[in-house]
Each structure stands twice: as C-alpha cells, then as structure tokens.
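Good morning, colleagues. Please look at the structure first.

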Amino acid sequence: MTTLQTVFAKARAENRAALVGYLPAGFPTKDGAVAAATAMVEAGCDVIEIGLPYSDPLMDGPTIQDAVHRSLTNGTRIGDVMRTVEGVAKTGAATLVMTYWNPIDRYGPARFARDLANAGGVGTITPDLTPEESGVWLQESKDAGIDTVFLVAPSSTEDRIGKVAKICTGFVYAASLMGVTGARESVGSAAEGLVARTRRHTSLPVCVGLGVGTGAQAAEVAAYADGVIVGSAFIRRLLDAPDEAAGLASVRELAAELAAGVRR
Amino acid sequence: MSLTEGPILTAADLAGNGVYGDDPDGNGKFGVFGGRFVPEALIPALDEVAAEYEKAKTDEEFLREFDHLLRTYAGRPTTLTEVPRFAAHAGGARIVLKREDLTHTGAHKINNVLGQALLTRRLGKTRVIAETGAGQHGVATATAAALLGLECVIYMGAVDCERQALNVARMKLLGATVVPVTNGSQTLKDAINEAFRDWVTNVDRTHYLFGTVAGPHPFPEIVRDFARIIGVEARRQILELTGRLPDAVCAAVGGGSNAIGIFHAFIGDEGVRLYGYEAAGRGLESGEHALTLTAGSVGVLHGSRTYVLQDEEGQTIESHSISAGLDYPGVGPEHAWLKDSGRAVYEGITDAEAMEAFALLARTEGIIPAIESSHALAGALKLGRELGPEATILVNLSGRGDKDMGTAMKYFDL
C-alpha cells in the first residue's frame, strides 16, 4: 500500500474522515512552516499539503495570496519547498506538494518528481493541470513512485469528472464550491452532490476542500467525504498571531478542533 | 461612405479560410503552444464559449449583426493614411498606416469587444468582466456593455489606474465598476489573475470578455478572429492604393491582439514580411522590459503555453514598458507559433525609440498615436532604412494617443 492508501485505510477503520492541512512553504518563515505543519500533525492532521509559492496564484483567494507573497518575498525557492517536505515528512504524515504547473514545467518534470520522492513527498496536487495536458506529469510521477491528485468542481460534467478521476491516484480533490480558496461562512451545498457524482467514476478516496475552516464544517463534510482539506483557516491563524509561539499554539488549537470534527 | 458600400462581413473574413494550417487543434494548440492550463472549474465555461463561437461564426444572423455594429458603431472600415513626411525619416520607404485609432473608443480593441459582447448575449449571460492594462480594452468593454445593457466590472492594476486615470474616469462614466488590483506587480498580469478569480466565482452569469489573443483556448482564436477584420480590410485597401501587397506589415505586440489582427490576413502571402515589435523598455540589459518573445522562454502563464518572462524556477518576472498596453510578461500563443515557425519576426523597441516616433508622427503628420502603436512606428522607421525607398510598409496604428498625454507631458516636459 502507498502511504496515502494507508492513511485513508486507517481513517476508514476508525470510521472517520482524514484531515488534510495546507500551508505554503516559507510561510511564516522557512523553519516556521515546518514547525507549524508539525504542530498540525501532532494535533491530528493525517495529510499535509505543502504549497509551492507561485507569483500568479489565480485560483487562490486573498489569504493564501498574502501568505504566498510573503513567502516569495522571504526568498523561498523550490529547494526550500523540498526541504520543507523533508521536514514535515519526518513527522510521519503523508506529505504532498500543491503547485501550479509552471514551476514544475520549468524546473523539469522528471527532476521535480525525483526530488520530491527523495524528500519523502508522496505526491502532488496540480490545480491548473488538465487531463489533456497531464501526460508528461503522469509518466514522471509514475516513474518516481508518487501520486497525482487533480481537482473536480461543481461545474464539472460527468465526462470531465470521469477524465479527471481516471488520472488521479491517491485521492480525488473535490472543490466544494465555485470560487477561489478561502474560509467561508458555509461549505458549498454542491459539495455533497459532487462527491456522490465523483464516486460513480472511481473507488479512490474523495476529499473536499475550499471554504472549510471550523470543527462544525469539518464534521459536516466528514459525513460524506473521505477527507476534509483545510488551508486558509490555518494561514489566517498564523497571520493574526502576534508572534510565532502564539501562531503555533493557535494552529495546534485549530487542528485539534478540526480533528475532533472529522471524528464526530 | 454609405453603410452598404463594401462587402458585408463573411464567415471567411471572420475566421479565415483555414488554408494556412494556423487554426488551433482540438486541444487549442498552435503547434506546441496554447492549450488550457486552468482550474477544472472553468473547463465547462471555456467549452461553452468555444461551442457557442463555433455556431456563431457561420451564423448569417450573427455575422450580419457584428458587421452592422462594426460599420455603424465602431466606424469601420477604417481608412489607410499614407504618411510621406514621416516616411522621409525612414529612408524614403513608403509607409501606410491602418487607422484603428479612428475607431469609436480610439483603439482596435473595440472590434473584439463588440464580437464578444454579442457572443455574451448568445450565451445568455448578463454580466461581463475584463482585465485592462492601458485602459483601452476596459473602455471598449464598458462601451459595449453600455450598448448592450450588460453589467460590467473591469479589473485594472493599481499602478495602471494611476498612469491611465483618464481611462478610469471614462469607464466609470460608461457605467462600469473599476476594481483597482493591488496585489503582485499591480499591472495587467495581476488584473488578469483577479479577473479569473471573479470568473470562477460568478461563471454562471458572467462572461470573461478577454482582451487579447492570450489566455486559455478558445480565447486566442476568438479574439484573433474578431480582430482579423483589421487585416482583411487593410489587405484590400493597400491593393487598391498601391496595386500590390506591401513588403512588410508592422505592429506592436503586448498580448498581441492588434498584431494578430493585421497579420492574419497576410500569413498566406509569402512575400509579405511580418514584424512584431515588443517593448524593450529601458533596454534588454536593464532587465526592465517586456521582451517576452525576444528574450523570454517557453512556459505557462494565464492558462496558455507560450513565451513568458520567468526565472529559472518558473516565477513570472515583472515586465516594464512606458506603455501600459505592452507591459505584460506573456504573449499570445499564436505569436509564439509564428515566431518559432519563422513566419513572423519579433524585435524590441525601447521606451526612448517609441517616444521619439510618437513625437515624430505628431509633428510630421498631425496624428498623435498611442504609445503602444508608437513601437510599431519606431520599428517601421528602422525597417524602412533597411528595406530601402522601393519598399512599402503597412503599419497598424492600433490606437490614438489621447490617453497618453499625461505620460507625454512628463516625458517631454510639455
């Protein structure tokens, strides 16, 4: 079994959804990101997505844009992303990289897949890579032994869900609503239907992201999805904290609340 | 000129005859360029736009309506103007301008905007959003939205809002909401990011009225086809004026819509050289330029594989140009394809060269061009000296310079 398969099997055995946390590398600092992700794992995150900061994050809302901008201003490079993955993977959590396609394209897909695998990363989530353009990445990921996760959205037709699900390994990422990343008052009502539609095309776990930020929302999503993905809410905690220690405590507290949510 | 004079726009005018092998393939690729690199959430909307356009482009009713708006609203056909006093500075070569500056709203952008606004109505959508750099596409979009009664939101970099304050006021007067974009470099590329974010959120009732031949498929094809009328007219007109095809066609290239618009009808004419002029800003060595095709590398930006200004890890490098409309670190995929195939040649023009041509055309011919278009004029001056007095050079004067008076006042200390 791959690391991701083990994670979802374990969660299923405990009759709960897995908790997936996102943080960009280099935010709040290079070491601070590892510390925050470690706190998230200790408080109950099963999977960590490390964001690769990119200059043009067109599907991200203001919170992630802000964090990514700070990270790039801090001088975060792909080598730092790999070192972050290495640090987080040591916690034992399944660690993926979430990235727009151009950084991989430019770095070299084969090199990126190999470096990620060597750092202990288990896969990637590529939100702007469509099935039509994914051929090279699927091959390189397979060769390096890492998983490929892609997104489906409420607007996706049956045909598109089928195409996307077919190229996913690890899990399928279902965007809960039409919009950019960011915590919201309520999780989109379209999410449950999308998960159900996705299940008709795959036996892979289906995780729901976008807009989830509280324990109650996590519990709501956990009722129908295999995993709950939270990003902006963690970043918000770090942005609002007066210092690093307070940020870590706040992130830990949120992870614990969400972990309780997915177990309700 | 009477409204009925000249041939009515045909499907072939709009999309060409497809004989040059230059239409994108099923995945929206021009060779290896183009395609779609966007969130899956937008794929259905892109498919919907593509499907509707496929129907529209051969629909008599749509062609008639577009033609009618181009004639009675945009002011087409635009004339050619020969500029001998200006050409005297180009080694005596014959220089002829295609006067897109004389269209309603003052730039070639109106052509694409009217086409897409009609398409928006066919799609049953009630709201349009657009990005704008110099403000010309924003003004054109706000204009078409006012004409057709569509809600309109324009995203514009905060830096551009400042240097093109007059256009911001025009858009507001036309009833549009202008949203200054304060993240990233606060210019066109960031306005595009923000417009995509709006689109993915409001796609059920919104059409993204994309302003240039970049972005994901089908935008490079649609915007080209709606701008194609520039070259279709110019080709007929220059044959009439000079009895032969020009030796060269020159246009400025930012995203590339005015250049594709005038190039496309000439692609099949082997003897006609195509020259695109990018903004060299303060010069290649300064690092402050927008030389995407001449000094960039192949990557993905704003949903399309094309040439991009980027570092070795794929981060976009901020561009620079004195002209907001050319200040963009990407370029349309068809230009990337034309460059790699060798059919078109792309060169850089510095801020200083462009401003010199800007002033020269004003002084010698009484025409104040847009600073964007001045890059093509500066290119034509160089090219004329190279090709000699026997040559005829057609230049796309893509827009007028009214919007640039603030920049000109500062630059020339007027």
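I begin with Glu312(B), which forms a salt bridge with Arg77(A), the closest N and O atoms being 2.8 Å apart. A salt bridge here is a side-chain nitrogen of Lys or Arg within 4 Å of a carboxyl oxygen of Asp or Glu. By this rule, seven salt bridges are found across the interface of chain A and chain B.

A word on the basis of these values: this is a predicted model, in which local features need pLDDT of at least 70 and side-chain atom pairs count only at pLDDT 80 or more, while totals for chains, interfaces and linings use all residues. Residues are numbered from 1 along each chain as its sequence is written, chains are lettered from A and ligands numbered from 1 in the order in which they are written, and side-chain values use heavy atoms, with hydrogens and water left out.

To return to the interface, 37 residues of chain A are in contact (heavy atoms within 4.5 Å) with 35 residues of chain B. The area buried between the two chains is about 3,000 Å², and carbon and sulfur atoms give 47% of it; buried area is the accessible area (1.4 Å probe) that two parts lose on being put together, summed over both. On the chain A side, Leu58(A), Arg106(A) and Glu133(A) lose the most area to chain B, together 23% of what that side buries.

I turn now to chain B. Its domain assignment, a term for bounds from an automatic or database source, gives domain 1 (29-74 + 109-224) and domain 2 (80-106 + 228-412). The contact between them takes 44 residues from domain 1 and 42 residues from domain 2. The C-alpha centres of these domains of chain B lie 22 Å apart. About 3,300 Å² is buried between domain 1 and domain 2 of chain B, with 61% from carbon and sulfur atoms. How many salt bridges are counted between domain 1 and domain 2 of chain B? The count is one. In chain B, Glu334(B) and Arg224(B) meet through their side chains in a salt bridge (3.1 Å, N to O).

On a 1 Å grid over the protein atoms alone, a cavity is a set of points where a 1.4 Å probe fits but cannot get out, a pocket is an open set with protein on both sides within 12 Å along at least five of seven lines, and lining residues have an atom within 4 Å of a point. Grid points are joined across faces, edges and corners, and a volume is the space filled by probe spheres set on the points. A search of the whole structure finds six cavities of 30 Å³ or more.

The largest cavity has a volume of about 340 Å³. Among its 30 lining residues, His108(B), Lys109(B), Ser257(B), Gly325(B) and Glu372(B) lie nearest its centre. Domain 1 and domain 2 of chain B each give at least three residues to this lining.

The second largest cavity has a volume of about 240 Å³. Of its 27 lining residues, Tyr22(A), Asp60(A), Ile64(A), Met98(A) and Thr181(A) lie nearest the centre.

Finally, about 550 Å³ of space lies in the largest pocket. Of the 29 residues that line this pocket, the closest to its centre are Ser55(A), His69(A), Asn183(B), Gly184(B) and Asp190(B).
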